[in-house]
Amino acid sequence: MILANVREQFTLTDVELVIELLSRGDVAHKGELARVAEERGLDALLDAPDLPELLRAAPRLGQPSPALFVYVVVRHALCGVGIESARLSDYLGALVLEFGLRDRAYRISRVGPSRIPVARAPRQPEPVARRALPRSHHGSQGASRRAGPAVL
């Protein structure tokens, strides 16, 4: 069962990273963002329009956790098309995390060798212009074949 629990997976390091990235190093702004997170919740910071790009460009030592990155990207994608539900973002983020790792999308369970066969699209016929058109071959004149029953 998939649980909508991506936001529950955020760590203190994730929260500190979001505040650091949004403040852009300004100490006074860090305090203000921390206060906003305490009063209105972390979602108020996660909805910042420039956060997805800041997370993508985060320095290597301050990389976001997979849960934070996926949630923010999914949340902003949904908001971009007019869907403002944080719960739906949480659920879809959980789906991406669950099935987006390695070949999990093709496995029935997290562990075990059983794989779901991948359905392949039927092969499309080549256009007539590309196919080699059959050519008549008269070859040896001594061995001719006739179509239909032999006439005596």
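**Reading a helix crossing and salt bridges**

User: Is the crossing of α5 and α6 left-handed or right-handed?

Analyst: The near helix is turned from the far one by less than a right angle, anticlockwise for left-handed and clockwise for right-handed; here, α5 and α6 cross in the right-handed sense. This is a predicted model, where local features need pLDDT of at least 70 and side-chain atom pairs 80 or more, while totals for chains, interfaces and linings use all residues. Residues are numbered from 1 along each chain as its sequence is written, and side-chain values use heavy atoms, without hydrogens and water.

User: At what angle do the axes of α5 and α6 cross?

Analyst: The axes of α5 (residues 66-80) and α6 (residues 86-99) cross at roughly 130° and come within 8 Å. Residues making the contact (heavy atoms within 4.5 Å) include Val70, Tyr71 and Val74 of α5 and Leu88, Leu92 and Val96 of α6.

User: How many salt bridges are there?

Analyst: Taking a Lys or Arg side-chain nitrogen within 4 Å of an Asp or Glu carboxyl oxygen, the count is six. One of them pairs aspartate 47 with arginine 75, at 2.9 Å from N to O. Aspartate 47 sits in the loop between α3 and α4 and arginine 75 in helix α5, 28 residues apart, linking distant parts of the chain.

User: Is arginine 75 buried or exposed?

Analyst: Using relative accessible area (buried under 20%, exposed over 50%, partly exposed in between; 1.4 Å probe, protein chains only), arginine 75 is buried at 5%.

Notes:
Axes are lines fitted to C-alpha atoms, for helices over the stretch in contact, and angles run from 0 to 180 degrees between N-to-C directions. Helices (H or I, at least four residues) and strands (E, at least two) are DSSP runs, numbered from the N terminus.
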